[in-house]
Amino acid sequence: MRQSYPSDITRAQFDLIKEFLIGAKKKTHPRKYDLYDIFCAVLYLNKEGCTWRGLPHDFPNWTNVRYHYDIWTKPNEDGITLLDEVLKKLVEAERLSVEREAQTSMLIVDSKTIQNADTAEVKGYDAGKKNPE
């Protein structure tokens with residue numbers, strides 16, 4: 001039994017996407033690890049930004065997680081990965097559960113003002129932070 005992490009999803013949420021993940025690879029032999037744990041390990045990696053070998057030891061072996069990650073992040077003919085599709089499905093399901101529209105209507109992008117390189121020819125002005133660039 002592994003401990004839970006803030007990046008984990010529930011088993012009910014996983015049931016929404018389980019069939020997509022199972023169908024991503026041919027079944028050649030019984031799974032050694034629970035696919036739920038592998039998916040949660042991928043979410044942990046995305047959230048924490050750690051190295052593959054930095055995965056906590058209660059997750060499946062990092063090589064197995066990496067193997068599945070490589071399959072799930074292979075783009076299809078439209079350039080969309082299976083991981084993108086299942087994460088989108090999870091977000092849409094969560095939005096519908098709180099009575100919101102499935103599709104988001106706004107995007108917020110955070111930015112940071114930094115000192116411009118001395119070699120830059122054109123310098124601008126960040127009015128929001130009142131810093132010359």
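Biologist: Where is tryptophan 62 placed?
Modeller: Tryptophan 62 sits in helix H3, which covers residues 62-72. Bear in mind that this is a predicted model.

Biologist: Buried, exposed or partly exposed, that tryptophan 62?
Modeller: Tryptophan 62 counts as partly exposed, because its relative accessibility is 28% and that class lies between 20% and 50%.

Biologist: And what does tryptophan 62 touch?
Modeller: Leaving out residues up to four places away in sequence, tryptophan 62 touches Trp52, Arg53 and Leu55.

Biologist: How far is the C-alpha atom of tryptophan 62 from that of alanine 41?
Modeller: Those two C-alpha atoms are separated by 8.6 Å, with the residues 21 apart along the chain.

Biologist: OK, switching to arginine 2. Where is arginine 2 found?
Modeller: In the segment before helix H1, and H1 is 11-22.

Biologist: Why does arginine 2 count as buried?
Modeller: Because its relative accessible area is 13%, and buried means under 20%.

Biologist: So which side chains make a polar contact with the side chain of arginine 2?
Modeller: One is the side chain of aspartate 8, at 3.1 Å. The side chain of aspartate 37 is another, at 2.8 Å.

Biologist: Pockets next. Which residues line the largest pocket?
Modeller: Arg2 is on that list, along with Met1, Gln3, Ser4, Asp8, Arg11, Tyr36, Asp37 and Asp58.

Biologist: How many of the lining residues are charged?
Modeller: Five are charged, and the rest of the lining divides into two nonpolar and two polar residues.

Biologist: How much space lies in the largest pocket?
Modeller: About 180 Å³.

Biologist: Last topic, helix H1. Which residues of H1 are buried?
Modeller: Phe14, Ile17 and Leu21. Looking down the axis of H1, these buried residues fall within an arc of 90°, so they line one face of the helix.

Biologist: Why do residues three or four places apart point the same way in an α-helix?
Modeller: An α-helix has 3.6 residues a turn, so residues at that spacing point the same way.

Biologist: And which residues are exposed on the other side of H1?
Modeller: Ala12, Asp15 and Glu19 are exposed there.

Biologist: What covers the buried residues of H1?
Modeller: The cover includes helix H2 (35-48), H3 and helix H4 (82-97). H3 is the helix where we began, with tryptophan 62.

Key. Residues numbered from 1 in each chain as written. Predicted model: local features only at pLDDT ≥ 70, side-chain atom pairs only at ≥ 80, totals over all residues. Heavy atoms only, no water. 1 Å grid on protein atoms, 1.4 Å probe; cavity = no way out; pocket = protein on both sides within 12 Å on 5 of 7 lines; lining within 4 Å. Points joined across faces, edges and corners; volume = space filled by probe spheres on them. Nonpolar A, V, L, I, M, F, W, Y, C, P; charged D, E, K, R; others polar. Helix = DSSP H or I, 4+ residues; strand = E, 2+ residues; numbered from the N terminus. Buried < 20%, exposed > 50% of the residue type's maximum accessible area, 1.4 Å probe, protein only. Contact = heavy atoms within 4.5 Å. Polar contact = N/O pair within 3.5 Å; in protein donor to acceptor, adjacent residues only side chain to side chain. Arc of directions from axis to C-beta.
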